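Visitor: I'd like to learn how to read a model like this one, feature by feature. Could you walk me through it?

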Amino acid sequence: MLPAELIRFKQIGRSITILTAWDSLSSSMVEAAGADVVLVGDSLAMVALGHQTTLPVTLEQMLHHTQAVCRGFTRPLKEQPLVVCDLPFLSYQCGEDKAVAAAGKLLKDSSASAVKLEGAEPEVLSVIERLVRMGIPVMGHLGLTPQAVHNLGYQRQAKDPSSQEKLVNEARQLQIAGCFAVVLEHVPEGIGGRLRKELKIPIIGIGAGNDCDGQVRVTADLIGLTTKQPPFSKALIQGRQLCVKALQSWVEEQHLLAKNPTTKTSLQEPDC
Ligand code: KIV
């Protein structure tokens, strides 16, 4: 699927689903679940690498994880979800040439088809225009932009009318610069609906209410694997608790079996 296909989905009123993945196990589950797009988000810094923010993850690490994500798919290439990879902090803030080299490397050395980057400052808009001209499709990201954590924190954004007007204007600028979609994170509900009506490109919400063209979620949050659940993302199952409980049973059973090897237990492994 080409990134521009998402614009067609919007035109025909088909909703868009995006889930993150960080390795081959998570991408195989997301593919099996039927998501349209797999986002290798820089949230993997926190989900998979144990960092406190998304800032430390490097381009090399993003590429390494994107390659693993692409290897996890089981369907033929044409039927696989579209892969979008986040450009990490400092890979596009230091000038257009560096940004083209970084985004180009991700697309050259993996089967990702597009990149995502945050913000709509004039420098970022120039980078987006250049990437799009060079054949690299770009997804934008507004509202809570985690790479700006030291300016914005992790709070809900655009709470007052003037910052809402600013955000709407930024989304317009991203469309003009050539983005094929925009992620809108942790903002009051009405903004998604307003942008959805006004813009031709899809608005993909996370903590932005239901009135969007599609939704994106961090898969580890959705299946309850993370210890810090964002307030706007509900866990569908308590994945961490379920796994810990199962592993605990196994550990306890090993202690039991070591003392008495003939004990029959519920976790008995087959004789082979
Ligand atoms: O990095 C990420 O996972 C993201 C999503 C929160 C949209 O950018």
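Visitor: Let's begin with a single residue. Where is Ile16 found?

Guide: Keep in mind that this is a predicted model. Ile16 is in strand β1, which covers residues 16–20.

Visitor: Is Ile16 buried or exposed?

Guide: The general idea is to look at relative accessible area, where anything under 20% is called buried. Ile16 has 1% relative accessibility, so it counts as buried.

Visitor: Which residues does Ile16 touch?

Guide: Leaving out residues up to four places away in sequence, Ile16 touches Leu6, Phe9, Asp36, Pro202, Ile204, Asp213, Gly214 and Gln215. Take Leu6: Ile16 and Leu6 sit 10 residues apart in sequence, and their C-alpha atoms are 7.3 Å apart in space.

Visitor: Now a helix. How do I read one?

Guide: An α-helix has 3.6 residues a turn, so residues three or four places apart point the same way.

Visitor: Which residues of α4 are buried?

Guide: Leu59, Met62, Leu63, His65, Thr66, Ala68, Val69 and Cys70. The cover over the buried residues of α4 includes the helices α2 (24–33), α3 (44–47) and α5 (96–108), along with strands β2 (37–40) and β3 (82–86).

Visitor: And which residues are buried in helix α9?

Guide: In α9, residues 189–198, the buried ones are Ile191, Gly192, Gly193 and Leu195. Among the elements covering them are α1 (5–11), α8, β6 and β7 (203–206).

Visitor: What about loops? Is Thr54 buried or exposed?

Guide: Thr54 belongs to the loop between α3 and α4. With 2% relative accessibility, Thr54 counts as buried. Beyond residues up to four places away in sequence, Thr54 touches Asp42, Ser43, Ala45, Met46, Pro146 and Gln147.

Visitor: Is Leu77 buried or exposed?

Guide: Leu77 is in the loop between α4 and β3. At 64% relative accessibility, Leu77 counts as exposed.

Visitor: How should I read backbone torsions?

Guide: Most residues other than glycine have a negative phi, and most peptide bonds are trans. Ala158 has a positive phi of about 55 degrees although it is not a glycine. Ala158 lies in the loop between α7 and α8, and its relative accessible area of 9% makes it buried.

Visitor: What is phi for His186?

Guide: His186, also not a glycine, has a positive phi of about 50 degrees. His186 lies in the loop between β6 and α9 and is buried, with a relative accessible area of 11%.

Visitor: How many residues line the second largest pocket?

Guide: There are 28, with Gly119, Glu121, Thr145, Ala148 and Leu152 nearest the centre. Two or more residues come from each of α6 (122–133), β5 (138–143), α7 (149–152) and α8 (161–177). The biggest share is from α8, with 4 residues. The space in this second largest pocket is about 590 Å³, and its lining splits into 11 nonpolar, 9 polar and 8 charged residues.

Visitor: How many cavities of 30 Å³ or more does a search find?

Guide: A cavity, unlike a pocket, is a space the probe cannot get out of. The search of the whole structure finds 1. The largest cavity has about 30 Å³ of space and is lined by Thr20, Ala21, Trp22, Gly41, Ser43, Leu44, Val47 and Val218. That lining has 5 nonpolar, 3 polar and no charged residues.

Visitor: Last one: which domains is the chain divided into?

Guide: Domain 1 covers 4–237 and domain 2 covers 240–272. Taken over C-alpha atoms, the centres of domain 1 and domain 2 are 41 Å apart.

Technical notes: Residues are numbered from 1 along each chain as its sequence is written. This is a predicted model: local features need pLDDT of at least 70, side-chain atom pairs count only at pLDDT 80 or more; totals for chains, interfaces and linings use all residues. Side-chain values use heavy atoms; hydrogens and water are left out. Buried means under 20% relative accessible area, exposed over 50%, partly exposed in between (1.4 Å probe, protein chains only). Contact means heavy atoms within 4.5 Å. Domain bounds come from an automatic or database domain assignment. On a 1 Å grid over the protein atoms alone, a cavity is a set of points where a 1.4 Å probe fits but cannot get out, and a pocket is an open set with protein on both sides within 12 Å along at least five of seven lines; lining residues have an atom within 4 Å of a point. Grid points are joined across faces, edges and corners, and a volume is the space filled by probe spheres set on the points. Ala, Val, Leu, Ile, Met, Phe, Trp, Tyr, Cys and Pro count as nonpolar, Asp, Glu, Lys and Arg as charged, and the others, Gly among them, as polar.
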